[in-house]
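This report describes how one protein chain is arranged, from its overall dimensions down to single residues. The sequence and the structure come before the account.

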Amino acid sequence: MAHPSVNPIEEFVVDFVTSFGGEVESLEPAVYNLLLPDDLAIPAPKQELITVAFDPEALTERPQAELLISGSPLLDNLIDVARQQGRVARCFVTGLNLKVHGILHHFKRSFIFHEAEVAVSGTRSLLFLYGLFMFRISYVSDEKEEELCEIIVNCFDGRLARRLSSTLKTTALTEEIWDHCLMARAISVFEAYKIARAEVEKQLVGRINERRLDLEQRLTQQITRLTAYYDTARTELEETLTKYADDQKQQQTIKEKIQANELERQRIMQELRDKHRLEVLVSLTNLLLLSQPKVVVSLEVIGKKKQQNRVSVIWDPLEECFEPVQCPLCHKHTYELAISRMAQVGCPLCIERKNIPRLPL
Ligand SMILES: [Zn+2]
């Protein structure tokens, strides 16, 4: 298992080598011994036990370690092998306690239900689907850099599950299907992909702007340096031109040199601009479809006017908390609910409005 707060490349290598039958020994933060199976070890002749580092600073203490950053042959090989393993995998969270004691007490601690009495009428377990999308982001300009970015989508309601990645590090997973548990409703994997993709693009805006700014600064510096170089060359040639004012042949030769100098300047400037153009490629490398059992709690709600309705809330035994419910009127997720005179349940802001139709929560 990788150290906490590791970068995604480190996390990927540790998890992938382990899952591929290799051995990983953590020596210190960002430094590991890897015992690689044949398919993963490169270059030939195979060097099966290697020390790798994910932080250049670690190399001062361990100069023999191989630095695994984007573009390193070993990392490229691991990514290629991972890609060949099939892009979609399925697994299930196991070992969770689905019998929750004091569920009403937990509910009252998590939710505010305005002017209503609430009683638990039943519980049942359902499997809820998550999509764990791993994207590879390639930045191509005068150099190539790559990074991995994981986005997890809760396929029940399309919300991003930001904390799940760290929770899963200490969670038991299995490939065996929970055949005694039905699946809860889920959006399609493609819908979940669109949500994940939009989130990656949102996260990339800042990083792309930063890189563009850096590239522009480097381009400006190089253009300034080259402009000075070609200006000096031109000035020198023009001075020579005045020296040979009476020599037509020499003048012609120097004029040709000035023209060649200008053409070379334009060509090199164009090449520089092309090299400093940033291209960003985003590709989905892996998708893990993870099913997790949760407890659906049915509640009877009775308002002050004796109006009644039913509400279902979801207890997440992995995070040990209730999930927010979606208001059927404004579609926002909330921990605050109210019941109208017509027995409509929703967020207090929506319920305060009058003449609302009764919709299922
Ligand atoms: Zn609302």
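Two residues are said to be in contact if their C-beta atoms, placed from the backbone, lie within 7 Å. The model discussed here is a predicted one.

**The helix pair H6 and H7**

With contact understood in that way, helix H6 meets helix H7 through Leu219, Gln222, Ile223, Leu226, Tyr230, Ala233, Arg234, Leu237, Thr240 and Leu241, whose partners in H7 are Gln251, Ile254, Lys257, Ile258, Asn261, Arg265, Ile268, Met269, Leu272 and Arg273. Sorted by class, this contact of H6 with H7 consists of twelve nonpolar, four polar and four charged residues. Helix H6 covers residues 189–243 and helix H7 covers residues 248–275, and their axes come within 10 Å of each other while crossing at roughly 175 degrees. Angles over 145 degrees count as roughly antiparallel, and the two helices H6 and H7 are therefore roughly antiparallel to each other.

**The chain as a whole**

The chain contains eight helices and 17 strands. Its radius of gyration is 31 Å, well over the 21 Å that the globule rule gives for 361 residues, so the chain is more spread out than a compact globule. Along the principal axes, the C-alpha trace spans about 110 × 60 × 35 Å. Of the 361 residues, 20% count as buried, and among the contacts with a separation of 6 or more, 60% are accounted for by residues 24 or more positions apart.

**The largest nonpolar core**

Which residues have the most contacts inside the largest nonpolar core? This core has 20 residues, and those with the most contacts inside it are Val13, Val17, Val52, Ala53, Leu68 and Leu78. Two or more residues each are given to the core by helix H1 (8–19), strand S2 (31–35), strand S3 (49–53) and helix H3 (73–84), with H3 supplying the largest share, five residues.

**Pairs of residues separated in sequence**

The table lists pairs of residues with their separation along the chain and their C-alpha to C-alpha distance.

| Pair | Separation in sequence | C-alpha to C-alpha distance |
|---|---|---|
| Thr285 and Cys149 | 136 residues | 9.9 Å |
| Arg310 and Ala343 | 33 residues | 9.3 Å |
| Leu27 and Thr51 | 24 residues | 9.0 Å |
| Arg87 and Leu287 | 200 residues | 5.9 Å |

Arg87 lies in the loop between H3 and strand S5 (88–93), and with 13 other C-beta atoms within 10 Å it is partly exposed. Apart from neighbours within four places in sequence, Arg87 is in contact with Asn286 and Leu287. Thr285 is found in strand S11 (residues 279–303); Thr285 has 15 other C-beta atoms within 10 Å and is partly exposed.

Leu27 belongs to strand S1 (residues 23–28) and counts as partly exposed, with 15 C-beta neighbours inside 10 Å. Not counting residues up to four places away in sequence, Leu27 touches Tyr32 and Asn33.

Arg310, in strand S12, likewise counts as partly exposed, having 14 C-beta neighbours inside 10 Å. Beyond the residues up to four places away in sequence, Arg310 touches Ser298, Leu299, Glu300 and Val301.

**Residues with positive phi**

With 17 other C-beta atoms within 10 Å, Ala343 is partly exposed.

Lys306, also not a glycine, has a positive phi of about 70 degrees, and its place is in the loop between S11 and strand S12 (308–316). Is Lys306 buried or exposed? A residue counts as exposed if 12 or fewer other C-beta atoms lie within 10 Å of its own, and Lys306, with 8 other C-beta atoms within 10 Å, is therefore exposed.

Notes: Residues are numbered from 1 along each chain as its sequence is written. This is a predicted model: local features need pLDDT of at least 70, side-chain atom pairs count only at pLDDT 80 or more; totals for chains, interfaces and linings use all residues. A nonpolar core is a set of buried Ala, Val, Leu, Ile, Met, Phe, Trp, Tyr and Cys residues joined through C-beta atoms within 7 Å. Helices (H or I, at least four residues) and strands (E, at least two) are DSSP runs, numbered from the N terminus. Axes are lines fitted to C-alpha atoms, for helices over the stretch in contact, and angles run from 0 to 180 degrees between N-to-C directions. Angles under 35 degrees count as roughly parallel, over 145 as roughly antiparallel, 65 to 115 as roughly perpendicular and the rest as oblique. Ala, Val, Leu, Ile, Met, Phe, Trp, Tyr, Cys and Pro count as nonpolar, Asp, Glu, Lys and Arg as charged, and the others, Gly among them, as polar. The radius of gyration is taken over C-alpha atoms; the globule rule is 2.2 Å times the number of residues to the power 0.38.
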